[in-house]
Amino acid sequence: MIKVNGRELDIDIGSRHIVIQRRYEALGALNDLLIAVWFLIGSFFFLNDSLVESGTWLFVVGSAQLIIKPLIKLMSLVHVGFIHKIPV
């Protein structure tokens, strides 16, 4: 940890950290993409009376995935923290 002008600057050049962090970022991006897809399709389904129930279920799935987003971030922080405690 380096402090510059009273601000904290975390510099980590460990390749394992970078690989793990990038995988969690990719997982988070995929989750965000799927959320957008479910809500977009669900919105179109609401335009047709016969598809309203299916559209509602897509909104429920998208909402459940919104819960997953912070869990992915938390898992990333725990995993990287665990890696830093293990000697290489």
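Which helix gives the most to the nonpolar patch? Keep that in mind as you go through the stops below.

**Whole chain**

Start with everything selected. This is a predicted model. The protein chain has 88 residues, and 18% of them count as buried. Its secondary structure comes to two helices and two strands. Colour by element and read from the N terminus: the order is β-β-α-α.

Now show the surface. The protein chain exposes about 7,000 Å². Carbon and sulfur atoms supply 69% of that area. For contacts, take pairs of residues at least 6 apart in sequence: 55% of these join residues at least 24 apart.

**Stop 1: the nonpolar patch**

Select L27, L30, L33, L34, V37, I41 and M75. Together they form a nonpolar patch on the surface, with about 550 Å² of accessible area. Here is the reply to the opening question: helix 1, residues 15-45, gives the most, with six residues.

Zoom in on L34, one of the patch members. L34 sits in helix 1. Its relative accessible area is 30%, so L34 is classed as partly exposed.

**Stop 2: one step along, I35**

Move to I35, also in helix 1. Is I35 buried or exposed? I35 counts as buried because its relative accessibility is 9%, under the 20% cut-off.

What does I35 touch, leaving out residues up to four places away in sequence? Select G62, Q65 and L66 to see these partners. Then draw a distance between the C-alpha atoms of I35 and G62: the model gives 4.8 Å. Those two residues are 27 apart along the chain.

**Stop 3: the largest nonpolar core**

Hide the surface and select I20, Y24, I72, V80 and I83. These five residues make up the largest nonpolar core. Helix 1 and helix 2, residues 52-85, each supply at least two of its residues. Helix 2 has the largest share, with three.

**Stop 4: Y24 and its partners**

Stay with the core and centre on Y24. Which residues does Y24 touch, not counting those up to four places away in sequence? Select I72, M75, S76 and H79.

Note on methods: Residues are numbered from 1 along each chain as its sequence is written. This is a predicted model: local features need pLDDT of at least 70, side-chain atom pairs count only at pLDDT 80 or more; totals for chains, interfaces and linings use all residues. Side-chain values use heavy atoms; hydrogens and water are left out. Helices (H or I, at least four residues) and strands (E, at least two) are DSSP runs, numbered from the N terminus. Buried means under 20% relative accessible area, exposed over 50%, partly exposed in between (1.4 Å probe, protein chains only). Contact means heavy atoms within 4.5 Å. Accessible areas come from the Shrake-Rupley method with a 1.4 Å probe; for residues, only the protein chains shown count as cover. Patches are made of residues with over 30% relative accessible area and no salt bridge: like charges are joined within 9 Å, nonpolar side chains (Val, Leu, Ile, Met, Phe, Trp, Tyr) within 5 Å. A salt bridge is a side-chain nitrogen of Lys or Arg within 4 Å of a carboxyl oxygen of Asp or Glu. A nonpolar core is a set of buried Ala, Val, Leu, Ile, Met, Phe, Trp, Tyr and Cys residues joined through side-chain atoms within 4.5 Å.
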